[in-house]
Structure formats: C-alpha cells, structure tokens
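This briefing covers one protein model and is meant to be read beside its coordinates.

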Amino acid sequence: MALKKILLGLAVTTALVAPPAMAAQLTVGFSQIGSESGWRAAETTVSKSEASKRTVNLKIADAQQKQENQIKAIRSFVAQGVDAIFLAPVVSTGWENVLKEAKEAKIPVILLDRDIDPSGKDLYLTAVTSDSVHEGEVAGDWLATTVGDKQCNVVELQGTVGASVATNRKKGFDDVIAKHANIKIVRSQTGDFTRAKGKEVMESFIKAEGGGKTICAVYAHNDDMMVGAIQAMKEAGLKPGKDILTVSIDAVPDIFKAIMAGEANATVELTPNMAGPALDALQAYKDKGTVPPKWIQTESKLYTAADNPQAAYDGKKGLGY
C-alpha cells in the first residue's frame, strides 16, 4: 500500500511539472503562392523543415499563383481555428477583407517573402522579407560597375504584375541606372517569374533587337526567368554571359551552374528561409506576448564567378531546391 502511494505521488508530481507536448504544439496554416520557381519550391521545403524542428504542425495550401485560391485557403484556416497564418501574397492588393476576418478571429497573420499594400499594415503581425528594393539596387550597381562608361541597352524580365517584390526590384534597379546616362532599359515585360515565360519573352526581345545584337545586358527579377532567357540566347546563336551580360535575383542552384559554365554573370541571393524567423517571432508572441517589429529583414548577397559558385551550388542543393 505504501509503495502504491509513493508511485501515485510521483505520477501526480510528474504531471504537474511536465508540460503536455500536444498542448504546446502550434498549428500554422501557410498559404503558399505555388511552385512557379526553384526558389519557391525551396521555400516550401525549408518551411517544412523549420516547422518540424519546432514541432509545429504546418498546413500548406498551394495557390497555383492565384489570389482567389489564397483567399479561400485563408478562410479555410480561419474556419479550422489555426494558431496562426503565414501568407506569401501573390499580389500586394486585395487582402483587406480576408485579413480582417483573420484578425476578428484573433489569428495572427505573418507575411513571408512579399509585402502587401501599406494600408493593410495593421492587419498582420509582421512581415519576414528581404529588402527587395535593395536587391534591385545591388543588381544595378553590379551592372553599372561592370560596364563602366560603355553604352549599355538593357532588356528587363519583370516578375508577376502587381507583386510587391516585382515592383520593388524594378524600382531599386531603376533608381541606380537613372544615375548612369549610358545605361538604358530599352524593353521591359513580365515573365511571371517562370522559366517558360522568361524564355518566351527573351525570344521576342532578341527578334525586336536585331537578333540580340543591340542588347548589352538582361536584368531578370528572378533566376528562373534568367535560365529561360539563357536558353533563348543560346538557341539564337548568342553567347549568354559574354555577348549579353546577365544579372538576376534569387541565387538558385541552376543559376550557379550557369555561372560555372560562363553563361551567367551575377545573381543576388534571396534566402528561402523565411519561415524560421517567422516561427521564432510567433513563438515569442504566443509564449511571452512579445510583439515583433513590423518588418524582419533577411540578408541579400551578390554572387559572381569570383564567389566559388560550385560551393554555393552545393550549399543550395542541400536546402531542397
């Protein structure tokens, strides 16, 4: 009898001091844009990994690049009563109603990779993004330094129309080249952040610009469009990276392969790990009531052939690209 009492006492004490694992687990709904690029696929893979490290139940909804699918997903997450919602917004406007619904349900929303219209800033907890204006500036600075005083006609492959990251990457690049009279954007068109569209648009640029002979450089808002553009240049008998300079953004493995092959010149890194900082901010908010800054900025870095592209390629492949 005495032994039973001792065992019962130990069981009660253990129950009091040990927090229940299931009760502490968070469920987060993630409305992901889709898998339109290698970077986007890596962000999804890394997000799953970061959630697993923290025993967070991450529910991912692939929107296939459609805002209406994202709105449906957010409403579904609200109905499920998730602890938080991550949103990678396909465009910057049109979120007010659905984010108000999340706020009324007391479900914090964290933006990943992209921002929304400033008028909606009170509808989300924080945004984990790079400085996409700065990314465009880094790309512009590289081109300006590389061409010097040489006359340089640039063709631009823009990201999805209406996406904050496309608007900002264009602004940053434009702001830099505006200071250099010898550099001019002669053609600019959206490639929707995809390889296929990037190739298609680059083919039209080449035809319009004398078989590409009047093009000095290509600036692409992401690497996947640049990979498509490189293929178009090769098929047109041009030597990308030599006849036409290239600078793009994301730093996905395939662009490092192109750099190693001498077919690409520069890329600006966008880390796919947005979920890690977001989950840390969410945990602090849930556990301690710590309100994060409105913007958690990730780092950007320029890579060229001088920056050991083989090592960069190997490292990126390890992130799930």
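What percentage of the 321 residues in the protein do buried residues make up? Buried residues account for 50% of them. The model is a predicted one, and its protein contains 12 helices and 12 strands.

**Overall makeup**

- The C-alpha trace spans about 95 × 40 × 30 Å along its principal axes.
- Of the contacts between residues at least 6 apart in sequence, 74% join residues at least 24 apart.

**Helices H4 and H5**

- Two packed helices are described by the angle between their axes and the distance between the axes.
- For helix H4 (residues 67–80) and helix H5 (residues 96–104), the angle is about 10 degrees and the axes are 10 Å apart.
- H4 is therefore roughly parallel to H5, since angles under 35 degrees count as roughly parallel.
- On the H4 side, the contact is made by Ile71, Ile74, Arg75 and Val78; on the H5 side, by Asn97, Val98, Leu99, Glu101 and Ala102.
- By residue class, this contact of H4 with H5 has six nonpolar, one polar and two charged members.

**The two sides of H5**

- Val98, Leu99 and Ala102 are the buried residues of H5.
- These three cover an arc of only 95 degrees around the axis, which means that they sit on the same side of H5.
- An α-helix has 3.6 residues a turn, so residues three or four places apart point the same way.
- The buried residues of H5 pack against H4, strand E3 (84–87) and strand E4 (109–112).
- Asn97 and Glu104 are exposed on the other side of H5.

**Disulfide**

- The model has one disulfide, which joins Cys152 to Cys216 with an S to S distance of 2.1 Å.
- Cys152 belongs to strand E6 (residues 152–158), while Cys216 is in the loop between helix H8 (195–208) and strand E8 (217–220), so the bond ties together parts that are 64 residues apart in sequence.
- The disulfide is left-handed because the torsion about its S-S bond is about -90 degrees.
- Both partners fall under the 20% cut-off for buried residues: Cys152 has a relative accessibility of 0%, and Cys216 has a relative accessible area of 8%.

- Lys106 is not a glycine, yet its phi is positive at about 60 degrees.
- Lys106 follows H5 and is placed in the loop between H5 and E4.
- With a relative accessibility of 71%, Lys106 counts as exposed.
- Phe193 is likewise not a glycine and has a positive phi of about 65 degrees.
- The position of Phe193 is in the loop between strand E7 (183–190) and H8.
- Is Phe193 buried or exposed? Phe193 is buried, since its relative accessible area is 3%.

**Thr129**

- Thr129 is part of strand E5 (residues 126–129).
- Thr129 counts as buried because its relative accessibility is 7%.
- Leaving out residues up to four places away in sequence, Thr129 touches Asp113, Arg114, Asp115, Met274, Trp295, Ile296, Gln297 and Thr298.

Notes: Residues are numbered from 1 along each chain as its sequence is written. This is a predicted model: local features need pLDDT of at least 70, side-chain atom pairs count only at pLDDT 80 or more; totals for chains, interfaces and linings use all residues. Side-chain values use heavy atoms; hydrogens and water are left out. Axes are lines fitted to C-alpha atoms, for helices over the stretch in contact, and angles run from 0 to 180 degrees between N-to-C directions. Helices (H or I, at least four residues) and strands (E, at least two) are DSSP runs, numbered from the N terminus. Angles under 35 degrees count as roughly parallel, over 145 as roughly antiparallel, 65 to 115 as roughly perpendicular and the rest as oblique. Contact means heavy atoms within 4.5 Å. Ala, Val, Leu, Ile, Met, Phe, Trp, Tyr, Cys and Pro count as nonpolar, Asp, Glu, Lys and Arg as charged, and the others, Gly among them, as polar. Buried means under 20% relative accessible area, exposed over 50%, partly exposed in between (1.4 Å probe, protein chains only). The arc is that of the directions from the helix axis to the C-beta atoms. A disulfide is a pair of cysteine sulfur atoms within 2.5 Å.
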